[in-house]
Amino acid sequence: MSHPASRLAAALFAVLTLGSASAADVQVAVAANFTAPMQVIAKDFEKDTGHRLIAAYGATGQFYTQIKNGAPFEVFLSADDSTPAKLEMEGDGVPGSRFTYAIGTLVLWSAQDGYVDDQGEVLRTGQYRHLSIANPKTAPYGQAATQVLEKLGLTASVKPRLVEGQNITQALQFVSSGNAELGFVALSQVYKDGKVTSGSAWKVPADLHDPIRQDALILKKGAANPAAQALVDYLKGPKAAQVIRSFGYEL
């Protein structure tokens, strides 16, 4: 007859073994605008589920090309809804796994306090030399920025001042480094817990551009990975929702 202490040790060993066997890594392609919230969510996800999230951050269009070329991503968090829909239609995603995880907000931002007014008039009147945007061909926030300029009738006058970042992170860097006086960036990059964290900003009215619906998709490579499904479930849960909202996204 075995000793109670050894039975307990065996049971604990079984639980620990089971836990480590079921914990898995998940490779995630994340749109650059979602970097800050994803870093918070990744820590919570690992703590709460035991799974480990390995994230790469970049432009949505570039991720599309990488996924088509066999990159090892298992979940894709896009900056739009059309790219995941296209991947799903082309057979690169798990059917029915696509959903909107956030709705983004575009802002005109300057690192200088008081430089950007609350109506964005600085675009017409400011003596700025450079306006930073993300590449509109690969970054949905860059595309939204060009739509805003078009609606405001400023496309031609602003064109000589435009500087393009490869993605929204680089667009922000141009402004924060002073290489551009102002730029169109994601609200989430300059916002935390109800306020803009530095500089000055104009929240662009939503009717000046197409909605920035950001969809997630489990990719074909993640179909059999329990951590991929766990991440999608986690993103739909209340803890992730709280983080997402705290960075200025709608749900």
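How many of the residues of strand E1 (residues 25-31) are buried? Here are my notes, starting with that one.

1. Strand E1 is mostly covered, with 5 of its 7 residues buried; buried means under 20% relative accessible area, exposed over 50%, and partly exposed in between, using a 1.4 Å probe on protein chains only. Before going on, bear in mind that this is a predicted model, where local features need pLDDT of at least 70, side-chain atom pairs count only at pLDDT 80 or more, and totals for chains, interfaces and linings use all residues. Residues are numbered from 1 along each chain as its sequence is written, and side-chain values use heavy atoms, with hydrogens and water left out.

2. E1 belongs to an open sheet of 5 strands, in the order E2-E1-E3-E12-E4, with mixed pairing. The edges are strand E2 (52-58) and strand E4 (99-104), each of which pairs on one side only. From one strand to the next, the twist averages 20 degrees. On terms: helices (H or I, at least four residues) and strands (E, at least two) are DSSP runs numbered from the N terminus, and two strands pair if DSSP finds at least two bridges between them.

3. Now for the pairings inside that sheet. Strands of a sheet pair through backbone hydrogen bonds, either parallel or antiparallel. E1 and E2 take the parallel sense, over 7 bridges, and Val-28 sits opposite Ala-55 in E2. E4 and E12 are antiparallel, over 5 bridges, with Ala-102 opposite Gln-214 in E12.

4. Helix H4 (residues 82-89) packs on this sheet, touching strand E3 (75-77) and E12, and its direction makes about 30 degrees with that of E12. Contact means heavy atoms within 4.5 Å; axes are lines fitted to C-alpha atoms, for helices over the stretch in contact, and angles run from 0 to 180 degrees between N-to-C directions.

5. Have a look at E11 too. Strand E5 (residues 106-110) is joined to E11 by 4 bridges, and the two run antiparallel; Ser-110 has Ser-200 as its bridge partner in E11.

6. His-209 is in the loop between strand E11 (200-203) and strand E12 (212-218). Is His-209 buried or exposed? It counts as buried, because its relative accessibility is 9%. Apart from neighbours within four places in sequence, His-209 touches Leu-106, Ala-144, Gln-147, Val-148 and Val-204.

7. On to the open space. The largest pocket holds about 370 Å³. Of its 21 lining residues, the closest to the centre are Asp-80, Ser-82, Thr-83, Pro-140 and Gln-143. Helix H3 (60-68), H4, helix H6 (140-151) and E12 each give two or more residues to the lining, and the largest share, 4 residues, comes from H6. By class, the lining has 8 nonpolar, 7 polar and 6 charged residues. For the classes, Ala, Val, Leu, Ile, Met, Phe, Trp, Tyr, Cys and Pro count as nonpolar, Asp, Glu, Lys and Arg as charged, and the others, Gly among them, as polar.

8. On a 1 Å grid over the protein atoms alone, a cavity is a set of points where a 1.4 Å probe fits but cannot get out, and a pocket is an open set with protein on both sides within 12 Å along at least five of seven lines; lining residues have an atom within 4 Å of a point. Grid points are joined across faces, edges and corners, and a volume is the space filled by probe spheres set on the points.
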